[in-house]
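Hello,

Here is the structure I promised to pass on. Have a look at it first, and then read on for what turned up.

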Amino acid sequence: MKKNIVTTFVITLLLLSIVFALPKEKTKYTLQVASNIEIQQDTMFTYGKALFKENCRACHSQDMIRTSTAPPLGGVTKKRNKEWLYKFTKNSLKMYKEGDSLAVAIGDEYWGLMTSFPMLADKDLDKIYYYVEKRYEMSLQGIPVPIEFEFKAAENNNAKACTHILIDKEDILNVSVSKTRHWTFSCKRTSHSKSNWKKTTLKAMFDYDKSVNEIAALVHDFSAFRSSKTSYWDFK
Ligand code: HEC
């Protein structure tokens with residue numbers, strides 16, 4: 001009995017000393033700081049991505065590596081000084097006209113000149129270039145740019161599709177959108193009976209075939225069609 005009490009006492013003492021030995025507050029504090037920085041960086045990335053997609057992606061590739069109608073932007077913040085870079089982004093044409101040697105050299109290398117972005121503030125450009133370099137690093141590590149849902153309508157937006165797509169897993173070859181923004185997805189058949197239609201959502205169709213993203217900007221009274229899953233969309 002006495003022995004038991006002594007053992008319990010020793011174990012309790014041991015446990016207590018372990019608990020007090022842990023640098024509790026300090027660990028908590030460092031963790032807190034780390035996650036705040038992470039959240040800030042994450043916000044920079046998210047906003048930067050949105051700004052990049054809205055303003056730059058039409059001409060500059062999103063993986064920051066491939067050349068499209070404009071040069072890829074990966075690594076550009078290390079190649080150019082910040083003042084030049086921000087001035088150029090806001091009004092490259094002005095710099096070109098004023099004879100800035102670098103602007104002239106880059107301008108003459110490519111067939112098109114770049115749009116001006118006087119409305120972008122320095123803090124927007126901070127976010128854009130943060131995203132540019134982060135996305136570039138990811139591409140260098142082999143992480144592909146994910147295909148994201150680009151439709152303006154909500155993901156759970158009502159849509160209908162034919163059972164040939166929904167059940168028989170045929171390809172989406174016709175898409176149209178009504179005035180009330182209801183989307184219709186159908187297969188190669190030109191006519192369907194009432195029982196061939198089923199309700200679905202826009203997101204479900206996007207998940208089924210991500211290439212419907214290419215017609216995310218489709219407006220009502222138009223329909224998009226293609227002859228196979230791998231051919232370009234046509235409009236009528
Ligand atoms: C309409 C197409 C177009 C859009 C949109 C566009 N760019 Fe450009 N960009 C170009 C072209 C073309 C060049 C090559 C230089 C020139 O012609 O002025 C260029 C060059 C650049 C350069 C110079 C690269 C270097 O080597 O120094 C930077 C930086 C740049 N763009 C950033 C941006 C950013 C940031 C955005 C979005 C806010 C953007 N561009 C939007 C077409 C575009």
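In which sense do strand β2 and strand β3 pair, and over how many bridges? Bear in mind that this is a predicted model. The two strands, β2 at residues 174–177 and β3 at residues 183–186, run antiparallel and are joined over four bridges. One of the residues to look for there is serine 176, whose bridge partner in β3 is threonine 184.

That pair belongs to an open sheet of six strands with mixed pairing, ordered β4-β1-β3-β2-β5-β6. At its edges stand β4 (197–201) and β6 (234–235); each has a single partner strand, so one side of each has no neighbour in the sheet.

Now to the ligand. The shell around the ligand holds 23 residues, and those that come nearest are Asn55, Cys56, Cys59, Ala70 and Met114. By type, the shell divides into 15 nonpolar residues, seven polar and one charged. Helices α4 (82–90) and α6 (101–109) each contribute at least two residues to the shell, and α4 has the largest share, with three.

One more spot to check is proline 144, in the loop that lies between α7 (122–140) and β1 (158–162). Is proline 144 buried or exposed? It has 8 other C-beta atoms within 10 Å, and 12 or fewer counts as exposed, so proline 144 is exposed.

Happy viewing, and all the best

Terms used:
Residues numbered from 1 in each chain as written. Predicted model: local features only at pLDDT ≥ 70, side-chain atom pairs only at ≥ 80, totals over all residues. Near = placed C-beta within 6 Å. Nonpolar A, V, L, I, M, F, W, Y, C, P; charged D, E, K, R; others polar. Buried ≥ 20, exposed ≤ 12 C-beta atoms within 10 Å, placed from the backbone. Pairing = 2+ DSSP bridges.
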